[in-house]
Amino acid sequence: MAQASADPSNVETADPEESSPNMIVYRKVEDIITRMQDDKTGGVPIRTVKSFLSKIPSVVTGADIVQWLMKNLSIEDPAEAIHLGSLVAAQGYVFPISDHVLTLKDDGTFYRFQAPYFWPSNCWEPENTDYAIYLCKRTMQNKARLELADYEAENLARLQRAFARKWEFIFMQAEAQVKIDRKKDKTERKILDSQERAFWDVHRPVPGCVNTTEMDIRKCRRMKNPQKVKKSVYGVTEESQPQSPVHMPSQPVRKTTKEDFRKQITFLNMQIDRHCLKMSKVAESKEPSQQRVKRWGFSMDEVLKDPVGRDQFLRFLESEFSSENLRFWLAVQDLKKQPLQDVTTRVEEIWQEFLAPGAQSAINLDSHSYEKTSQNVKDPGRYTYEDAQEHIYKLMKSDSYARFLRSSAYQDLLLAKKKGKSLASKRLTGLMQSS
């Protein structure tokens, strides 16, 4: 990483024109982020929080960010501030320290600011070799917070097959990076690890999350400038060296033809295919790992953020004829991601299905939550059902979730994974003894 940042010529060559639409947006966002981090002008308070056995350095809360946006950008509606903050987070300027999903929540969730080195305005276009080095490096570090998620482990296996001939080189690069990291201060290393992880959450997002870099206007512009230098995150240069723009003959300007459009479409399709690696199908797997099943027992959040866990939880609730609570919770989550023009229609659909008198899948709300939600529906928005969703969440957590963990369905799945692991261990021991 130090090699890439030490060479300013790379940055200058790769920067698009300052007048490009993306760059204009990036500069505006970065101005807000800079002001947000400036203590002298009333920025967001950045602090170190004491945890049970350790300290969490350089964090801010989601509530603090939302309040700052409302105060300094003259935003009256909290929902608008949350939406703006989520758009900023989706580009990786701020990120949650304990989640791969880059959204902003108006609560006590801890967030951290991204290092300027990783800002999108540096025109990053990381290759799969960079991603392979990053994942390989994570496997060498014996830290629970750096353990690969299931989709990352699957991507690493696919990359290892794809780069079989140059894997030794990738491994050496990762090993060198680990040695450099170990010389750094513990607190600094913890912050840098989280910032690097957030960078890859933007460029290789969690399955199901929106990829903000996939259809980028900079990629469209690259067809007009095919000699543009691609930047490597870890200073790994490609074998082919691009020709210097100084020595390129000037090309006469000509009118765009149909053939040019066909080439652009072909180029964009190639870019989409190139990024297919990001959308792993591991989340659709019906046979989760033992570690994955165990995590469901940590908290209900672990079940809800895992697609397979949600599916198992929903099946359990359907067997007890009480699935309407989870279906309502999921419908509200989906509402928050809907385009603005579809929000009003979706709010009405959720009301008719779950809350209207005689609803087909009526949920049980207390009088206070029902009254507040009834008022919110008159002015529909993405967060109309926030209070009702919170009530249903607490209801599931105190009742349905506890029964799910005690259910035979969950226990059988847990025991099956333990048994499978034990059998594999015995086979390995037998093979070692026979040899």
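Three bridges join strands β1 and β2, which run antiparallel. The model is predicted, and its secondary structure comes to 19 helices and four strands. Of the 435 residues in the protein, 41% are buried.

**Strand pairing**

- Val-60 has Tyr-111 in β4 as its bridge partner, and Thr-61 has Phe-110 in β4.
- β4 pairs with strand β3 (residues 94-96) as well, again antiparallel, over three bridges.
- The bridge partner of Pro-96 in β4 is Tyr-111, the residue that is also the bridge partner of Val-60.

**Helix α4 and its surroundings**

- Helix α4 covers residues 62-72, and its buried residues are Gly-62, Ala-63, Asp-64, Ile-65, Val-66, Trp-68 and Leu-69.
- These buried residues pack against two helices, α3 (21-37) and α5 (78-90).
- They also pack against the strands β1 (47-50), β2 (55-61) and β4 (110-113).
- Just after α4, Ser-74 takes a positive phi of about 55 degrees.

**Nonpolar cores**

- The largest nonpolar core has 37 residues, and those touching the most other members are Phe-313, Phe-328, Leu-355 and Tyr-385.
- Two or more residues of this core come from each of α13, α14, α15, α16, α18 and α19 (408-434).
- The helix that gives the most to this core is α18, with seven residues.
- Leaving aside residues up to four places away in sequence, Leu-355 touches Phe-328, Ile-350, Ile-363, Leu-365, Tyr-370, Thr-373 and Tyr-385.
- Another core, of 24 residues, lies apart from the largest one; Tyr-26, Ile-33, Ala-81 and Tyr-93 are among its members.

**Salt bridges**

- The structure holds 20 salt bridges.
- In general, side chains of opposite charge can pair when their charged atoms come close.
- One of the salt bridges joins the side chains of Asp-306 and Arg-292, at 2.7 Å from N to O.
- Asp-306 lies in the loop between α13 (300-305) and α14 (307-319), and Arg-292 lies in helix α12 (residues 290-295), so this pair ties together parts that are 14 residues apart in sequence.
- Asp-306 and Arg-292 are both buried.
- A second pair is Arg-403 with Glu-320, whose closest N and O atoms are 1.9 Å apart.
- This pair links distant parts of the chain, with Arg-403 in helix α18 (residues 386-406) and Glu-320 in the loop between α14 and α15 (324-335), 83 residues apart.
- Glu-386 is partly exposed at a relative accessible area of 33%, and Lys-336 is partly exposed at 21% relative accessibility.
- Lys-137, Asp-181, Lys-184 and Glu-196 are linked in a network of salt bridges.

**Whole-chain totals**

- Among contacts between residues at least 6 apart in sequence, 68% join residues at least 24 apart.
- The protein exposes about 25200 Å², and carbon and sulfur atoms supply 54% of that area.

Definitions and conventions: Residues numbered from 1 in each chain as written. Predicted model: local features only at pLDDT ≥ 70, side-chain atom pairs only at ≥ 80, totals over all residues. Heavy atoms only, no water. Buried < 20%, exposed > 50% of the residue type's maximum accessible area, 1.4 Å probe, protein only. Contact = heavy atoms within 4.5 Å. Areas by Shrake-Rupley, 256 points an atom, 1.4 Å probe, with all protein chains shown as cover. Salt bridge = Lys/Arg side-chain N within 4 Å of Asp/Glu carboxyl O. Pairing = 2+ DSSP bridges. Core = buried A, V, L, I, M, F, W, Y, C linked by side-chain atoms within 4.5 Å.
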